[in-house]
Amino acid sequence: MLARISRMLKACWRPVERYAHMGKPATDCNDALLWFRDLGDHACGEFSIAVVQANALLEDQSQIETGSYGTLVGIYDGHGGPEASRYINDHLFLNLQKFAVEEGGMSVDVLQKAFLATEDGFMELVASAWQTKPQLAAVGSCCLVGVIWGGQLYVANLGDSRAVLASVAPADGTLSAMQLSTEHNASIESVREELKMLHPEDPQIVVLRHGVWRVKGIIQVSRSIGDVYLKKPEFNREPLLAKFRLSEPLQRPILIAEPTINVRTLQPEDQFLIFASDGLWEHLTNEEAVDIVRNHPRTGIARRLIKAALHEAARKREMRYSDLKQIDRGIRRHFHDDITVVVIFLDYDLIKRGSKITPLSVRSGTNSVEASSNIILFKGLDNNNNLNDTFDKRLDSKM
């Protein structure tokens with residue numbers, strides 16, 4: 001019942017220098033570590049997506065799944081390596097559709113179950129590779145998901161990626177920037193207080209080190225998928241490298257994989273959404289990002305946001321972006337993080353009446369592809385007894 005990938009549109013994801021527009025100098029977009037899809041259609045409007053790499057291996061992963069029943073956006077900001085973010089990219093939306101079928105639609109409960117099932121699956125992967133690849137225990141990922149379904153917007157988040165909604169005020173027509181995601185980063189006082197409340201016996205649960213608050217002096221985020229060395233005592237010992245092992249026994253999970261979920265009924269005044277990994281927000285405020293989208297054409301807008309962040313990153317180091325983009329991956333991480341941006345434009349008429357768009361799947365990165373969507377629900381199939389067996393087989397094939 002699952003459609004096979006019918007085609008691979010390689011032209012959709014190439015290094016940026018191949019996309020230089022006629023009439024513009026090649027240096028305007030000649031950054032070999034930047035990939036983008038300038039504009040495409042989703043069920044409720046249009047989208048733009050772009051990714052720039054800074055790490056030796058791209059640790060950001062992202063995807064868009066869309067079809068007649070809605071649109072799903074995922075941004076997975078990995079740390080310690082790309083394995084966790086890649087695993088999420090392969091499994092989270094399959095888990096999401098499995099639980100959506102079981103419960104007859106999208107809900108907060110469906111999202112929570114999908115996140116936890118993905119966490120459990122990655123833990124199983126770590127356990128199976130423990131003797132040969134113990135470093136997998138120290139790999140994790142933030143996870144930001146947006147779902148537009150039946151006129152509702154669900155935003156679920158672990159970590160410090162961010163979703164921002166631009167909405168017009170009916171009274172005076174001003175455009176406001178509303179943050180819809182809750183962040184879990186020890187730099188935020190409320191997060192530090194939550195950690196202290198959950199771990200009253202541990203005075204070192206958060207530590208200020210070199211001007212940065214970190215959980216156990218190690219990691220900034222307090223919620224993630226992966227990082228199982230900070231969740232299970234059996235993974236905080238040899239053969240894991242000593243630098244990851246805690247000096248005291250792990251009594252309870254330090255990090256958790258329970259997302260914070262916000263739900264909003266979309267309104268006619270809601271104009272667009274910006275989903276981005278924290279690499280963007282290190283250099284742009286919510287309001288600055290919204291202003292850029294508002295004041296420029298839709299085509300290439302995700303790329304424009306990334307370039308604005310890179311210009312700012314270069315300025316902070318007293319250099320030009322033209323010099324920054326000559327720096328190779330790996331070394332470039334000293335100047336900025338991997339950055340992923342997805343801009344989702346909202347057409348309220350499409351939201352209300354529904355769309356007949358052909359199901360589509362887009363993934364970003366060095367091996368990015370566009371293909372027919374793997375989300376069965378987008379293909380209009382009714383719930384039946386065979387669906388969960390199909391999901392289970394597809395999930396097994398990803399292990």
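Over which residues does the pLDDT stay under 50, and how many contacts beyond four places in sequence does the model have for them? The stretch is residues 1-28, and the model has 59 such contacts for it. This structure is a predicted model, and its protein chain averages a pLDDT of 86. The chain contains 9 helices and 17 strands, and 56% of its 399 residues count as buried.

**Confidence and overall organisation**

- In the protein chain, 84% of the residues score a pLDDT of at least 70.
- Residues 381-395 have a pLDDT below 50, and the model gives this stretch 24 contacts beyond near neighbours in sequence.
- Among the contacts in the protein chain with a separation of 6 or more, 68% are between residues 24 or more positions apart.

**Helix H5 and its surroundings**

- Helix H5 spans residues 286-294, and its buried residues are Asn-286, Ala-289, Val-290, Ile-292 and Val-293.
- Viewed down the axis of H5, these buried residues fall within an arc of 160 degrees, so they line one face of the helix.

**Nonpolar cores**

- In soluble globular proteins, nonpolar side chains tend to be buried together.
- The largest nonpolar core in this model has 33 residues.
- Within this core, the residues with the most contacts are Ile-274, Leu-280, Leu-305, Val-341 and Val-343.
- Helix H6 gives the most to this core, with 7 residues.
- Leaving aside residues up to four places away in sequence, Leu-280 touches Leu-305, Ile-306, Ala-309, Ile-339 and Val-341.
- A second, separate core has 29 residues, including Ala-129, Ile-205, Val-215 and Leu-250.

**Aromatic pairs**

- The count of aromatic pairs comes to 5.
- One of them joins Trp-130 and Phe-235 in an edge-to-face arrangement, with 5.3 Å centre to centre and 70 degrees between the planes.
- Trp-130 lies in the loop between helix H2 (108-128) and strand E5 (140-141), whereas Phe-235 lies in the loop between strand E12 (225-226) and strand E13 (260-265), so the pair ties together parts that are 105 residues apart in sequence.
- Trp-130 has a relative accessible area of 5% and Phe-235 one of 7%; because buried means under 20% relative accessible area, Trp-130 counts as buried, and so does Phe-235.
- The rings of Tyr-229 and Phe-244 have their centres 5.6 Å apart and their planes at 75 degrees, so this pair is also edge-to-face.
- Tyr-229 and Phe-244 are 15 residues apart, and each lies in the loop between E12 and E13.
- Tyr-229 counts as buried, at 3% relative accessibility.

**Charges over rings**

- Arg-298 lies over the face of Phe-345, at 4.2 Å from the ring centre.
- The charged end of Arg-303 sits over the ring of Phe-36, 4.2 Å from its centre.

**Glu-194**

- Glu-194 is placed in helix H3, which covers residues 189-198.
- Is Glu-194 buried or partly exposed? Glu-194 counts as partly exposed, at 26% relative accessibility.
- The C-alpha atoms of Glu-194 and Ser-222 are separated by 9.5 Å, although the two residues are 28 residues apart along the chain.

Terms used:
Residues are numbered from 1 along each chain as its sequence is written. This is a predicted model: local features need pLDDT of at least 70, side-chain atom pairs count only at pLDDT 80 or more; totals for chains, interfaces and linings use all residues. Side-chain values use heavy atoms; hydrogens and water are left out. pLDDT is the predictor's confidence in each residue, from 0 to 100. Contact means heavy atoms within 4.5 Å. Buried means under 20% relative accessible area, exposed over 50%, partly exposed in between (1.4 Å probe, protein chains only). Helices (H or I, at least four residues) and strands (E, at least two) are DSSP runs, numbered from the N terminus. The arc is that of the directions from the helix axis to the C-beta atoms. A nonpolar core is a set of buried Ala, Val, Leu, Ile, Met, Phe, Trp, Tyr and Cys residues joined through side-chain atoms within 4.5 Å. Rings of Phe, Tyr and Trp (its six-membered ring) pair if their centres lie within 6.5 Å; planes under 30 degrees apart count as stacked, over 60 as edge-to-face and the rest as tilted. A charge sits over a ring if NZ of Lys or CZ of Arg is within 6 Å of the ring centre and within 35 degrees of the ring normal.
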